[in-house]
Amino acid sequence: MSNQWIDVHAHFTPPMTLAQSDARWAAMQAASWTGVKPTDWTAEAAINTMDTVGVAMQMLSNIPKTLPELRASNTFGASVVASHPGRFGLLAALPTDNLQNALEEIERAGDVLAADGFAVTCKYNGTYLSDPHLEPMWAELDRRKAVVFAHPDAYAQGTFKRPVAVLETVFETANTLVDMLYAGIFRRYPNFKLVLAHCGGPLPALSGRLLMLGTEQWVPNPNQLTVDEMRQQLSALFLDTAMTGSAHTIGPALEMVGCNHIVYGSDCGVPCSSDETVMANMAALLNLTCLTPEQIQFIGRNALNLFPRAADRLAASSNALAEEI
């Protein structure tokens with residue numbers, strides 16, 4: 001079973017009034033979600049889930065679509081970490097539809113809120129992460145050697161009368177990442193670390209096709225990326241296992257980035273995940289035959305290598321608990 005794993009992909013929402021909660025559910029229903037209204041997030045429920053599945057710490061993220069809500073969410077997330085320093089970390093959201101707002105939030109969240117890293121949406125209010133106007137943001141994140149968690153927009157309008165969280169979102173991740181490659185972002189800014197949600201979606205499985213065709217003369221390649229450079233930049237990415245813990249996705253991920261760049265993620269805290277699916281995803285990971293048991297446990301705690309401040313808080317909490325015993 002899992003042993004004190006670190007979950008890099010867990011969500012939270014600040015407290016809502018009943019009217020706000022109902023409005024959120026109505027918007028989801030309009031985007032093709034069905035079933036019963038999900039329960040609202042609480043730290044206590046998240047800790048109960050962690051204790052049930054053997055997770056020591058969750059790195060929390062939430063990316064509202066307005067600047068006031070985003071800033072308030074980051075502030076609330078920091079308060080959750082302050083109340084439970086050994087159980088949570090914060091990946092502070094960035095408003096990537098506006099450069100100045102993003103730069104100001106990097107400074108506020110990084111220096112004032114002491115966030116462990118940052119969270120971005122692949123397409124935020126119509127702006128992709130590869131947009132040229134975000135160049136100074138990547139420069140600042142690179143200067144800080146920041147860890148950045150990239151997540152697709154799971155609440156866009158549904159297609160084929162199904163929520164986009166079923167499949168479409170993972171293609172958004174792959175498309176955005178490929179455009180970032182061609183834009184030369186990883187060439188110019190090699191010092192920040194990018195973690196892709198949901199194992200990068202179809203990107204690992206299609207990376208061989210990209211390497212075979214992506215630098216052919218008929219493909220626009222303004223920065224003249226070579227095959228070797230593209231391969232190196234893909235291998236430098238980190239991929240989480242949120243709802244992608246089976247051999248269908250882990251096998252291609254191993255080919256693209258190797259075991260050292262895979263981190264455990266659950267996708268806890270959002271309506272598209274339940275305790276049952278979280279446990280099923282973990283069970284799939286634990287039963288993988290393409291990895292040794294030691295490698296699986298390494299993946300489960302690999303996020304500690306990305307977030308040293310969170311690792312220090314976890315160690316301090318463990319030491320305090322041991323002293324009490």
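Start by selecting Glu-105 and whatever surrounds it: leaving out residues up to four places away in sequence, Glu-105 touches Leu-70, Arg-71, Asn-74, Ala-93, Leu-94, Pro-95 and Gly-110 (contact means heavy atoms within 4.5 Å). Before you go on, note that this is a predicted model, where local features need pLDDT of at least 70, side-chain atom pairs count only at pLDDT 80 or more, and totals for chains, interfaces and linings use all residues. Residues are numbered from 1 along each chain as its sequence is written, and side-chain values use heavy atoms, with hydrogens and water left out.

Stay with Glu-105, in helix α4 (residues 99-112); helices here are DSSP runs of H or I with at least four residues, strands are E runs of at least two, and both are numbered from the N terminus. Is Glu-105 buried or exposed? Its relative accessibility is 0%, so Glu-105 counts as buried (buried is under 20% relative accessible area, exposed over 50%, partly exposed in between, with a 1.4 Å probe and protein chains only). Now show the side chain of Arg-108: the Glu-105 side chain makes a polar contact with it at 2.8 Å. That term means a pair of N or O atoms within 3.5 Å; within protein, one must be able to donate a hydrogen and the other to accept it, and residues adjacent in sequence count only if both atoms are side-chain atoms.

Next, the inside. Select Phe-88, Trp-138, Leu-177, Leu-194 and Leu-234, which touch the most other members of the 71-residue largest nonpolar core. Such a core is a set of buried Ala, Val, Leu, Ile, Met, Phe, Trp, Tyr and Cys residues joined through side-chain atoms within 4.5 Å. Zoom in on Leu-194 and, leaving aside neighbours within four places in sequence, you'll find contacts including Val-148, Leu-177 and Phe-238. A separate core of 23 residues has Ile-6, Ile-63, Val-147 and Ala-303 among its members.

On to the salt bridges (a side-chain nitrogen of Lys or Arg within 4 Å of a carboxyl oxygen of Asp or Glu), of which the structure holds twelve. Pick Glu-229 and Arg-187, whose closest N and O atoms are 2.8 Å apart. Glu-229 sits in helix α9 (residues 227-235) and Arg-187 in helix α7 (residues 185-188), so this pair ties together parts 42 residues apart in sequence.

Last stop: Glu-140 and Arg-144, a salt bridge with closest N and O atoms 2.7 Å apart. Glu-140 is buried at 18% relative accessibility, while Arg-144 is partly exposed at 25%.
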